[in-house]
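Open the model in your viewer and keep the selection tool ready. We will go from one stop to the next.

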Amino acid sequence: MSKGFGRLLVLGLGWAGSAGAGMLPPVTVNGQEWLQPLDFMNLSWNDINAVCNAPTGMCSGSLGGNDITGWTWASVDDLNSLFNSYFTDPPFILMGPGPDSYGEIYLPNSPTVFSQFLSDGWAVTFEPLAPTFAVGVAGWTRTLFLGGDPYAKLGAMYEVPGAPVEVRAATDWGNDITSPAEGAGGWFYRQAPGSVPVPATLPLLSLALAALGFSRRKRKVHS
């Protein structure tokens, strides 16, 4: 899809919820805790940019009544990494770098990546008003189009019903930054509590032990 994402979705998709009534439980994937895009509906890219720094992704403040201080607004590459974590079996082709899309067709009644996505606790942001339209999870990223174009990238994991079912992931959709995107919230993540890799602490521990040993040796020399 292209810049007309919001205008296309409004033809066949309905809202699945709104923010401000309490946040849904985050979803943890590969040591990262993700907020639910559904908690950030009806927001433009500019609305999010007023609270989150687009170049760095760091957020400080509230969006739709939800405090997201300390969270990171995901870039296209961050979202590609999230989606790629669900593409674990051949012949999947990993997404990225940069805006990308991927589609996979499944035989009827077979398990799908989107089913696993939902089983992890993701709440849909758009759903069909007719059986021929997709259902999925979509949201703003902080990545802008190139060339000064006032459009930003959205990303989504979604399923197109039919026989066979088609599952798609995309980070190359776009919408005008000044208006909300129909059926889309926002993507935000942070390191999950207690998931800091152990190897990252080893250099500090080694440095502390080395300093302790040096201190003891120094005392012996002067005694």
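Begin by selecting V76, D78, L79, N80, L82, F83 and N84: these are the buried residues of helix α3. The model you are looking at is predicted.

Follow the chain between the two: F83 sits in helix α3 and F117 in helix α4 (residues 113-119), 34 residues apart. The pair thus links distant parts of the chain. Both F83 and F117 are buried.

Next, select F145 and Y151. This aromatic pair is also edge-to-face, at 6.3 Å centre to centre and 90 degrees between the planes. F145 and Y151 are both buried.

Now show W34, F83, Y86, F114, F117, W122, W187 and Y189 together. Ring pairs link these residues into a cluster. Over the structure, the count of aromatic pairs comes to 14.

Last stop: the cysteines. How many disulfides does a search of the whole structure find? It finds one. Select C52 and C59, whose sulfur atoms are 2.1 Å apart. Look along the S-S bond of C52 and C59: the torsion is about 105 degrees, so the disulfide is right-handed. Are C52 and C59 buried or exposed? Both C52 and C59 are buried.

Conventions: Residues are numbered from 1 along each chain as its sequence is written. This is a predicted model: local features need pLDDT of at least 70, side-chain atom pairs count only at pLDDT 80 or more; totals for chains, interfaces and linings use all residues. Side-chain values use heavy atoms; hydrogens and water are left out. Buried means under 20% relative accessible area, exposed over 50%, partly exposed in between (1.4 Å probe, protein chains only). Helices (H or I, at least four residues) and strands (E, at least two) are DSSP runs, numbered from the N terminus. A disulfide is a pair of cysteine sulfur atoms within 2.5 Å. Rings of Phe, Tyr and Trp (its six-membered ring) pair if their centres lie within 6.5 Å; planes under 30 degrees apart count as stacked, over 60 as edge-to-face and the rest as tilted.
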